[in-house]
Each structure stands twice: as structure tokens, then as C-alpha cells.
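Me: I would like to learn how to read the features of this model. Please take them one at a time.

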2 protein chains.
Amino acid sequence: MNALPAAPVHPQPDAVLISEVGPRDGLQSVQATMPTAHKLLWIDALVAAGLREIEVGSFVPARLLPQMADVAEVVRHALTHSGVTVMALAPNLRGAQAAIAAGVHKVTLPVSASAAHSLANVRKTREAMVDEVRAVAQWRRDMAPGVLVEVGLSTAFGCTLQGQVSEDEVLWLAAQCAEAGADEVGLSDTTGMANPAQVRRLFTHLQAELGTRAGAAHMHNTRGLGLANCLAAYDVGVRTFDASLGGLGGCPYAPGASGNVVTEDLVFMFEAMGIATGVNLDRLMAARQPLQAGLPGEPIYGMTPEAGLPKGWAHGAPSR
Amino acid sequence: MNALPAAPVHPQPDAVLISEVGPRDGLQSVQATMPTAHKLLWIDALVAAGLREIEVGSFVPARLLPQMADVAEVVRHALTHSGVTVMALAPNLRGAQAAIAAGVHKVTLPVSASAAHSLANVRKTREAMVDEVRAVAQWRRDMAPGVLVEVGLSTAFGCTLQGQVSEDEVLWLAAQCAEAGADEVGLSDTTGMANPAQVRRLFTHLQAELGTRAGAAHMHNTRGLGLANCLAAYDVGVRTFDASLGGLGGCPYAPGASGNVVTEDLVFMFEAMGIATGVNLDRLMAARQPLQAGLPGEPIYGMTPEAGLPKGWAHGAPSR
């Protein structure tokens, strides 16, 4: 009989990866354009806080999103930091080619689970977006095999245009994207309609369908459920979470949608639970300063920054 | 061999009881005093929304809390509604006697888990408060055996005065209160320091210690974790949740503490998950009007009221 290994005395819960989307999702959602120099300072502060994955911009025509006209320069700067996965969003092959040419480690494509949102957001059907994913994955395989291709399935939990989105269609579309060559397929609650039961159900099915290609949870706090939904996703095995410093951003093409999960609050929740994020909360709070300096007058959010860290707070505190 | 019963095809998750604390916890935390007539209209609106347990006031000397000078009249009015458990807070035997004389169904006593908070909040040690619980339970047994005695263990997850609160001390104190005759002992995150892992751990231990006397979860949203903590408590079997309409209230004696869980957001979360609350969300939103009319200029909160219910929202919707 083989001896069993001793159980660990203090089993550590799995660590998580916080994927900061503010410089892309946040900055493209506000009217003002953050000057390039401020973007670079802000990204430096995010890296200094310990964030290891940052979505730094969108590769879209500058006439559509002038806020992102400097994206290639921002990517090049972000790449000077070692140990950070530099991501950018691209809506199509041309954008992905430009992103990869600029040197990103990972390109993320938005594919709408809602047929109505797909037409409103990228003026393409869902099927046409799967073809775009296939083209990007193929070009990547031939030209830049080290680059990762991610799909974020937006409106996966409901749509402000069409209302409910069928879970079967979400899973069908996720499978299509994986089959087309996406390395990861995450689910986005673009419209803040998700609830924890739905999050657990849909991510459980996603993992059963895609295995290790099941990707990140991108939750919104529109109705206050952002952190509860992240907790629910963690409970069923999700380990990568999108969040935005100061809660900056949303989706301008989903009417009424707002409220990315606030990075500061999400990191606080996980760290308080003893789940390692690799992020230093004091330095994360400090990263709000360059964000505000680069977007004067723009409101930013966060309950933990407003309340401050609890008395007696310490990483590794026994009561957590 | 006995035949096993067929598994239900669509098992319904357990329902929850939302215990509305706004008329007590909320109103005693604000500077202004809501006129009695407005209190009665507000309570009527809460009942009309389907709330079945309401903490309608505090039995404390009017010179200490002028907002509660009319509490006996408010209790008498609330009692005209059938099917509603009318609760009041009492800090001591004298208050409990007055509450029971006014006709409450349940009296709740605040006992601080933190030694420092106990002295600041009720000017008594924790041990002296356990004696008070014993006196109330004894008097109730002799004089009003139908009345329930609840203890809410405040600062059970941390204290702004002393920092961490030992979980062993919380459980010891809960056992003392149950032994002294309390029918239910709940746990309050008075200071907004709880995290979901701690909530699951502490309520699991509380249930193991007290069995059916383990009581409600009273969570605060100070750092944005209110709903995540309620979800965590539900996951380990808690079925009664305190909340405050519009998030009114906090604890004036725990510096920096603020932010009761917003009833509207909590009900939205549970209903969206298919967990019955008995509360109608449209009518609950409507109950904000008499609250605001009675406290002009007082800020109230709520993400779901601000965002509105999602497109396609319906009780019993298949996607939830």
C-alpha cells in the first residue's frame, strides 16, 4: 500500500490573476482623451502595484476612437516592463495585425453573445465575428505563434437591446470561437444583468465545454452585484478577473450599461479572503492619482478607497 | 428495499426572509427626525412591498435618541398589519419591558463582540450585556412567553476601535447569549470589515455551536462587499438577512462605519437567482418615496434603483 502524502496544514486557496482593463475599457468610454504621457505614468503605477496583465488600448481607427490614437506607442512603453502581459483589444483582423506588429502578448476580440448587440457594437453578425476570430487565429499561427488570442463574449448574461440571451447560444458561440482557434474564451456581463446563480451555471458549463480554454470573468457593478458575481465565478473555478481602476468605463453601445468592477474593491475582497492577487493595495490606491491627473474632473469610484483599509489590516492577518 | 422518492425536476432553492431595519437602524443614524406620520406611511409602503419582518424602532430614552421618541406609537401602528413580525431594539431590560408592553413580536438586543465597542456603544462590558440578555429572557418567559428575544452580535467581523475580533470570542459570546435565553443570535458586520471567507467560516461555526438558534446576517457595504457577504452567508445556510431601504444607516459609535446593505439591491440579487424573498421589487422601489418625503435632503443609495430593473426582467424568468 502506498503511503498517502500528508495533507497540508494550512492549505492556501488558489491565487487569482487580476486583468486590469482601465487603460482600454475605461479610457475608451469617457469623452476626454488622456494625454499619452499620462497614460504611460498610469500604466507604470499599475505595474508598480503588482498588476501582471493590463489591457492597454484598442487597435481601432483613430477617427472612431480618438482616445486610442496613440495605442501603438502605449503598447511599446508597456512592453518595457518585464513580467507583465500586455494586451490590446482588436475588433478585426486588421486591428489584430496592428496590435501584434506593435508587440502585444495577447490580443482580445469582442464577440457579442447577443445578436442585436453584435450589430450595434461591431456592425457584424456573430457568425461574421467568429470568421474574424478564425482569421486572426490563423494569421497569428503563421506569423506570430507566441501571441495569445482571447475572445471576450460580451452580453453573455443579458442584453439591454434584446433582453435575455440564451445560455445555449452563449455556449454554442463559445465553442465556435474555441474551434476557430481562440486560446481563451471569457464571459462578460457587459450590461450588469448577471446574478451569482447564473454566473456559476454558465461558467461551469463553459468549463465543461472548453476545458482549459474557458477564460476570464468580466463583471459589471451596474446593479451592485459585481463582487458577488466575481465570488460566484471564483467558487466554480474561474481564476482570471477583469477589473478597472476606479471603476472607469462601461460600454457606450449598450444603453444604460455602466460600472466595471472596481479593481481596488475586487483586490480587497480577494486579499481579505486570503486569496493572493499579487497586488499591493496601498500602491493600487496610489495608482488612482495618475488616473485622475490624466482625466481631470472625470468621476472615479471605489468603496474601499473611500472607506480606507480596515483597522488592523495586514496581508497575512490571522483573522482573514 | 424501500423505493426512493423521485427527485424534484426543478428543485427550488430555499427562500429567504429579508428583515428591514431602516426604520430603526436607518432613522437613528441620521441627524433629522422623521415625523411620526411619515414613519407610518413608510412602514405601510414596506409592508405593501411584501416585507414580513420590520425593525420599527428603538426603545431608548428620548433624551438620547429623540428620533425614537414616538417608538411605542410606531409599534402600535405596525401591529395593525397582519402577517408582519414587528421588531424593536432595546439596549436593556427596561427598554425590552417597554417594547413588550407596546406589543412587539420580537425584541432585539445589541451585544458587541468587541470589548472596546461594547463600552463605547452601550457603556457596559460584554459580560454585563449577557446578564442583560438573561434578565430580558427571564422576564419574557414569565410575562410574555410568545415574544421572541434576538441578539445581534455587533462588530462580529472586526472593530474600528480595536481592529480584529477573535472568532473564538465571537462564538463564546454567542453561546453565552443562547445559554442566557436568546432565541436567535445573529452576526453583524457593524464596521464593514467582513469578507466572504470569514462569513462562511463564522456562520458555519455559529450553526455548529447554536443549531437552530443561529440567526441573521447583518452585513454592511462599507467596502462594497455587502452583497458578496450575503451570498456567502446564504451558501452556508443563513436564511434571514437584515437590510435597509436606500442603504440608510450605520452605527454612529463605530467611527467610519457606514452603509447598511441596500434592501433593493439585496432583493434584486436573490430574486434574480430564483431565491424567493416574498418582496415585490417595483413596490419596494416605490417605498423609497415616503422615505425621502419624510427625510428631505437625506441621501439614499441603491444601485438597482439607479440602473432600473434589467430589460426582460420578470419574476420567474427562465434565464435566471
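Me: Where do we start, and which strands does E3 of chain B join?

Reply: This is a predicted model; local features need pLDDT of at least 70, side-chain atom pairs count only at pLDDT 80 or more, and totals for chains, interfaces and linings use all residues. Residues are numbered from 1 along each chain as its sequence is written, while chains are lettered from A and ligands numbered from 1 in the order in which they are written. Helices (H or I, at least four residues) and strands (E, at least two) are DSSP runs, numbered from the N terminus. Two strands pair if DSSP finds at least two bridges between them. Strand E3 (residues 85-89) of chain B runs parallel to strand E4 (residues 106-112) of chain B, with 3 bridges joining them. B:Met87 has B:Lys106 in E4(B) as its bridge partner.

Me: What do the strands of chain B build?

Reply: A closed barrel of 8 strands, in the order E1-E2-E3-E4-E5-E6-E7-E8, with parallel pairing. From one strand to the next, the twist averages 30°.

Me: How are two packed helices described?

Reply: By the angle between their axes and the distance between the axes. Axes are lines fitted to C-alpha atoms, for helices over the stretch in contact; angles run from 0 to 180 degrees between N-to-C directions. In chain B, the axes of helix H2 (residues 36-48) and H3 come within 10 Å and cross at roughly 30°. H2(B) and H3(B) are therefore roughly parallel to each other (angles under 35 degrees count as such).

Me: Which residues make the contact of H2(B) with H3(B)?

Reply: Residues are in contact if their C-beta atoms, placed from the backbone, lie within 7 Å. H2(B) gives B:Thr36, B:Lys39, B:Leu40 and B:Ile43; H3(B) gives B:Glu73, B:Val74, B:His77 and B:Ala78.

Me: How are two copies of a chain related?

Reply: By a rotation about an axis and a shift along it. Copies are superposed by least squares on the C-alpha atoms of residues with pLDDT of at least 70 in both. Here a rotation of 180° with 0.0 Å of shift along its axis puts chain B on chain A, at RMSD 0.0 Å. That is the relation of a two-fold axis. The same surface serves both copies, as 100% of the contact residues of chain B recur in chain A.

Me: Which residue of chain B comes closest to the rotation axis?

Reply: B:Ala228, with its C-alpha at 2.0 Å.

Definitions and conventions:
Angles under 35 degrees count as roughly parallel, over 145 as roughly antiparallel, 65 to 115 as roughly perpendicular and the rest as oblique. Two residues are in contact if their C-beta atoms, placed from the backbone, lie within 7 Å.
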